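Here is a quick walk through some side-chain packing and strand pairing. Have the structure open while you read.

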Amino acid sequence: MNRVFSLLGIVIAMAVGFYLYTHTATSGSPGGTGSPRATIDVAGVRNDLLAFANAEKQQYALEGKYLSLDELRSKGTVIPAGRRGPWTYEAEIGGSSFRIVATYSGPDVAGVPKTMTVDDTMRIQQQ
C-alpha cells in the first residue's frame, strides 16, 4: 500500500513538473519580446539605465549637480558605453533633476519599446 502512494506521489510530481516545463517553454520570451537577443538587449538596457541613474545620484551627492554622460566619464565614473547594440543613450540634465533616455533604432521587433527612460525617481518607463 505504501508503494502505491509513493508511486502515485512520483507520478503527480512528474506531471506538475512537466506542466511547469511546457508552460514556461511555450510562454515565449520574457519581457514580451519576440527573440532571445531582443530580450537580452532590453534587460541590458534596463541595467544600463539604472547604472547611469546611480552614477548621477552619486554625482549629485558629491557636488550638488548632475552631469552629462560624457562629463561623468571624464571624471572617471564607471558607467556603460554610449550605446548597446541598436540602443543609444542620452542624458537630459536639469538643475535638480535628470532623465536618461535610451532610444532604439533597430528593426521592428515585437515587444521592444522605442524608448526607455529613467529619472531621479529611479523608475524605468518605456514607450
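## Rings that pair up

Start with Tyr-60, which is partly exposed, at a relative accessible area of 32%. Keep in mind that this is a predicted model. Tyr-66 counts as buried, because its relative accessibility is 9% and the cut-off for buried is under 20%. How are the rings of Tyr-60 and Tyr-66 arranged? Their centres sit 4.6 Å apart with 25° between the planes, so this pair is stacked; planes under 30 degrees apart count that way.

Phe-98 joins in too: ring pairs tie Tyr-60, Tyr-66 and Phe-98 together as a cluster. Across the whole structure, the search turns up 4 aromatic pairs.

## A tilted pair between strands

Another aromatic pair is made by Trp-87 and Tyr-104. Here the centre-to-centre distance is 5.2 Å and the planes are 50° apart, which makes the pair tilted. Trp-87 belongs to strand β2 (residues 87-93), while Tyr-104 belongs to strand β3 (residues 98-104). With 17 residues separating them, the pair links distant parts of the chain. Are these two residues buried or exposed? Both Trp-87 and Tyr-104 are buried.

## A buried glutamate with no salt bridge

Now for Glu-56, which you'll find in helix α2 (residues 36-63). Glu-56 is buried, yet has no salt bridge. What is the nearest side chain of opposite charge, and how far away is it? That would be Arg-73, 9.4 Å away, and a salt bridge needs the charged atoms within 4 Å.

So what does Glu-56 touch? Leaving aside residues up to four places away in sequence, the contacts of Glu-56 are Tyr-66, Leu-67, Leu-69, Leu-72, Ile-93, Phe-98 and Ile-100. Two of these names come from the ring cluster: Tyr-66 and Phe-98 are both members.

Strand β4 (residues 115-119) runs antiparallel to β3, and 5 bridges join the two.

On to strand β5 (residues 124-126), which pairs with β4 over 3 bridges, again in the antiparallel sense. Val-118 has a bridge partner in β5 as well, namely Ile-124. Together β4 and β5 make a hairpin, with 4 residues between the strands. Met-122 lies in the turn and has a positive phi of about 70°.

Note on methods:
Residues are numbered from 1 along each chain as its sequence is written. This is a predicted model: local features need pLDDT of at least 70, side-chain atom pairs count only at pLDDT 80 or more; totals for chains, interfaces and linings use all residues. Side-chain values use heavy atoms; hydrogens and water are left out. Buried means under 20% relative accessible area, exposed over 50%, partly exposed in between (1.4 Å probe, protein chains only). Lys and Arg count as positive and Asp and Glu as negative; His and the chain ends are not counted. Contact means heavy atoms within 4.5 Å. Rings of Phe, Tyr and Trp (its six-membered ring) pair if their centres lie within 6.5 Å; planes under 30 degrees apart count as stacked, over 60 as edge-to-face and the rest as tilted. Two strands pair if DSSP finds at least two bridges between them.
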